[in-house]
Amino acid sequence: MDYTEWIELLPHVLLYLVSGFSFYILFTFSTGYKLVNGVGEAFLLELTVGFIITNFLCMIPIRFGYYANRVGLVVFSVLLGWGGAKLVLSNCFHRILDVVGIHKTVNGSIWSDIANIARNNDTPILICCYEKDTDKRIFGQIRFIEENSADPRVAIQLFAIYGNEDSMIEDMTQESNALLILQTSNLRGVEIYYPSESEIV
């Protein structure tokens, strides 16, 4: 293969990368799940996904203009990434995994699982944290969980801090504009209280 053939392939490769990247960025953003660890792996994954999406759409015998087809490909990749994320996060998908005997979370960490459940519930999820080097116990509602991190931070609101023998150190349960940020590596224990009507998959 000479240089001319390589140059002719370049637009196709760029199209694969753009469509694969569009899928990848929407999927990872929506799920909070890190699919690859390095730039090389990300490049290969995006190229592969883009190749599959592009060739799948080529089987559909509907054609528009040159640029309309390419814009449509990117839009389809974005929608596919968003739809794939919704499917993967759904209870139905988890039940399918259970049926086939795969008992594994699709998220990168247990904190990502908790963040997704917190995001999908209208009622608050309560958390009780025990600090490592003190007798402090912190009780409150989960507001945010940092994702894509091996040592995430958790933001809780409407919280109360207790010391020895359940003595109240600080009461912020009525302050809706206050947040407490906790580093999970500084905690020796965590209790999560899901809403009673929610189902833990």
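A residue counts as exposed when its relative accessible area is over 50%, and as buried when that value is under 20%. Keep those two cut-offs in mind as we walk through this structure, which is a predicted model.

You'll find Met-59 in the loop between α2 (39–58) and α3 (66–89). Its relative accessible area is 63%, so Met-59 is exposed.

With a relative accessible area of 14%, Thr-28 falls under the 20% cut-off, so it is buried. What does its side chain reach at 2.8 Å? That would be the backbone oxygen of Tyr-24. A polar atom of the Thr-28 side chain also lies 3.3 Å from the backbone oxygen of Ile-25. If you set aside the neighbours within four places in sequence, Thr-28 is in contact with Tyr-33 and Leu-35.

Time to zoom out. The chain has five helices and six strands. In what order do the elements run from the N terminus? They go α-α-α-α-α-β-β-β-β-β-β. Buried residues make up 32% of the chain's 201 residues. The accessible surface comes to about 13200 Å², and 61% of that belongs to carbon and sulfur atoms. As for how the chain meets itself, take the contacts between residues at least 6 apart in sequence: 56% of them join residues at least 24 apart.

So what about the inside? In soluble globular proteins, nonpolar side chains tend to be buried together. Here, the largest nonpolar core has 17 residues, and the ones touching the most other members are Ile-127, Ile-156, Phe-159 and Leu-180. The elements giving two or more residues to this core are α5 (110–120), β1 (126–131), β2 (137–145), β3 (153–162) and β5 (179–183). Which element gives the largest share? It's β3, with four residues.

Leaving aside its neighbours within four places in sequence, Phe-159 is in contact with a whole list of residues, including Phe-139, Gly-140, Met-172, Ala-178 and Leu-180. Apart from this core lies another one, of nine residues, among them Leu-15, Val-49, Leu-57 and Leu-73.

Terms used:
Residues numbered from 1 in each chain as written. Predicted model: local features only at pLDDT ≥ 70, side-chain atom pairs only at ≥ 80, totals over all residues. Heavy atoms only, no water. Buried < 20%, exposed > 50% of the residue type's maximum accessible area, 1.4 Å probe, protein only. Polar contact = N/O pair within 3.5 Å; in protein donor to acceptor, adjacent residues only side chain to side chain. Contact = heavy atoms within 4.5 Å. Areas by Shrake-Rupley, 256 points an atom, 1.4 Å probe, with all protein chains shown as cover. Core = buried A, V, L, I, M, F, W, Y, C linked by side-chain atoms within 4.5 Å.
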